[in-house]
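Below is a short note for a colleague who has not seen this model before.

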Amino acid sequence: MPTEFSEAIPIIQELAVAGYEAYFVGGSVRDVLLGKAINDVDIATSAYPKEVKSLFKRTVDVGIEHGTVLVLHEDQQYEITTFRTESQYQDFRRPDKVTFVRSLEEDLKRRDFTINALAMSEQGQIIDLFEGLKDIQEKCIRAVGQPSERFHEDALRMMRALRFSSQLDFLIEKNTLDAIKEHAALLQKISVERIYIELIKMMTSRQWKRGFRSFLETKCYEYCPNFSGRGKQLACFFQLKEETELSEPVFWVLLMHFFTLNAEKASSFLRDWKLSNHMIRLITHALAGLEFRLENSSNVDFLYQLGLEPLLVIEEVLALLGKPSSKQKVTDAYQALPIHSLQDLAVNGQAIMRVLDKKPGPWLGDLLKEIEQKVLHKELENSYEKIVNFIQECALI
Ligand code: ATP
Ligand code: MG
């Protein structure tokens, strides 16, 4: 048993002593069986949330209406969720009502795929009600129960199937895949935030091609924001030159490039996906820089204006497009710049006003820009004295 589990055993024992059942469940059990690193250890119990809270000293209500209490133990934290069934699915979204139950079986039944519906006891015994172990062995993603019903209950599960296919390098079982094909349109009911999480997990997995191929085949993409009718352009991803993991910004820049969107159009596209402002800025800067790099070789102004983060994204994108690129060269060239922002100048606006004894005005910004340009192009040394000499000379003219 891995240490993540053995460290959590006192929690399961505490629940057991109080007369409750408790098991490890979900992704962590699956990942242990696959010999993969565990993300987070989830525990399911027959104790109701109030009962869980009364047993442990340090708890946080993270989702008590769904039955989840966070228990802090030593320096770890564990999500403990009461066995539950989900009912009253409306509009193909998550249920608006969960019912707490005392039976593990009921809890496992509501889980999405057989490989995610395994439980593990304190002694390491696996409870496998839906042949999840066999599916792990056969590298297969299969819905628990009737796939159509399960996707009607929560359409996000279709995207989850695709992302697990990429993350685990598993195939989606035929009936499950057929049901995704049939019900892809239900994704329209799902919030973009939830789809986004699964899309990014799928595309940033090493085996992204596996899930992505099914994403195209099942037409799920047709029901993702701004993807409709763009299957051919999406298929450009299969022409990438290197078999490698994509980072999130690299994925989006490639996508914007294949969709032939300029920075402005890309920005509104990405806002529809609710990306953070930082991410949108990074992607649109890299996209604008990519177009420049495809037409010109780089230069000092280009390096300075973009900054290192987008520059490295561009080099990765170029490599994937089979164009000459070098992260090392770009990094070296960037590091060699005399300054990396206005803050690096040996003088600031205050100092200039003092030296020239002048009040602020538009002249100051113009002069700072001129100094910035000269220093950047090594026409002026970035030292206080040299710059002061320069501005005093300018004042004489
Ligand atoms: P990850 O490694 O990405 O955390 P995970 O399998 O733990 O993978 P979570 O989203 O953390 O995925 O969910 C934990 C467990 O809850 C899943 O393994 C599954 O049993 C169940 N689950 C999560 N989302 C759903 C859903 N939409 N429908 C049914 N069961 C779900
Ligand atoms: Mg998880």
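1. Domain bounds here come from an automatic or database domain assignment. That assignment divides the chain into domain 1 (1-131), domain 2 (139-224), domain 3 (240-337) and domain 4 (343-396). The C-alpha centres of domain 1 and domain 3 are 41 Å apart.

2. This is a predicted model, in which local features need pLDDT of at least 70 and side-chain atom pairs count only at pLDDT 80 or more, while totals for chains, interfaces and linings use all residues. Residues are numbered from 1 along each chain as its sequence is written, and chains are lettered from A and ligands numbered from 1 in the order in which they are written.

3. Which domains supply the shell around ligand 1? Domain 1 (1-131) and domain 2 (139-224) each give at least three residues. Among the residues around ligand 1 are Asn39, Asp42, Arg111, Asp154 and Arg157; a residue counts if its C-beta atom, placed from the backbone, lies within 6 Å of the ligand.

4. Seven strands form an open sheet with mixed pairing, in the order β3-β4-β5-β2-β1-β8-β9. β3 (59-63) and β9 (126-127) are at the edges with a single partner strand each, so one side of each has no neighbour in the sheet. Strands are DSSP runs of E, at least two residues, and helices are runs of H or I, at least four, numbered from the N terminus. Two strands pair if DSSP finds at least two bridges between them.

5. β1 (residues 22-25) and β8 (residues 119-120) pair in the antiparallel sense over two bridges. Phe24 has Met120 in β8 as its bridge partner.

6. An unreviewed UniProt entry annotates residues 249-391 as "domain: CCA-adding enzyme C-terminal"; such annotations may be inferred rather than shown by experiment, and positions follow the numbering used here, with feature names shortened. The span is 69% helix and 0% strand, and its end C-alpha atoms lie 41 Å apart.
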